[in-house]
Amino acid sequence: NSIPLIESFGDMRNLATFGAIAGVAALTLVGIRDAMDKDRPDGRILVALAWIFVPLLPASHIMTIGTVLAERLLYLPSLGYCMLLAILAERLQIGP
């Protein structure tokens, strides 16, 4: 047991979890807003989030598949992270 268990709700490590959940929720809302834009509908953020979370569902232990989370299960979700970084780079691009 090299990583101690979280035994109380007030543990500081919970802040990182809540921050990650809030970040994903905010990113999802931005993606929904972009996808429903009447002038320029753009669902790329939602597609990238789907590439992150859908492949992780079998490995998240919601359903038992008989394996623990390993590097081989993180290869496909990394595509979603790369897509999000590309979208961010495009939005931060300055110039014409």
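Helices (H or I, at least four residues) and strands (E, at least two) are DSSP runs, numbered from the N terminus. The model is predicted: local features need pLDDT of at least 70, side-chain atom pairs count only at pLDDT 80 or more, and totals for chains, interfaces and linings use all residues. Residues are numbered from 1 along each chain as its sequence is written, and side-chain values use heavy atoms, with hydrogens and water left out.

**View 1. Helix α1 spans residues 13–35.** α1 has 23 residues. From first C-alpha to last it reaches 34 Å, close to the expected 33 Å. That expected span is 1.5 Å times one less than the number of residues. Asn14, Gly31 and Asp34 are the buried residues of α1 (under 20% relative accessible area, 1.4 Å probe, protein chains only). Their cover includes α2 (44–53) and α3 (77–92).

**View 2. Asn14 sits in helix α1.** Asn14 counts as buried because its relative accessibility is 13%. Asn14 touches Ile6, Ser8 and Phe9, leaving aside residues up to four places away in sequence. Contact means heavy atoms within 4.5 Å.

**View 3. α2 passes α3 in a left-handed crossing** (the near helix is turned anticlockwise from the far one by less than a right angle). On the α2 side, the contact residues include Trp51 and Ile52. On the α3 side, they include Tyr81 and Met83. The contact divides into 12 nonpolar, 1 polar and 3 charged residues. Ala, Val, Leu, Ile, Met, Phe, Trp, Tyr, Cys and Pro count as nonpolar, Asp, Glu, Lys and Arg as charged, and the others, Gly among them, as polar.

How values were computed: Buried < 20%, exposed > 50% of the residue type's maximum accessible area, 1.4 Å probe, protein only.
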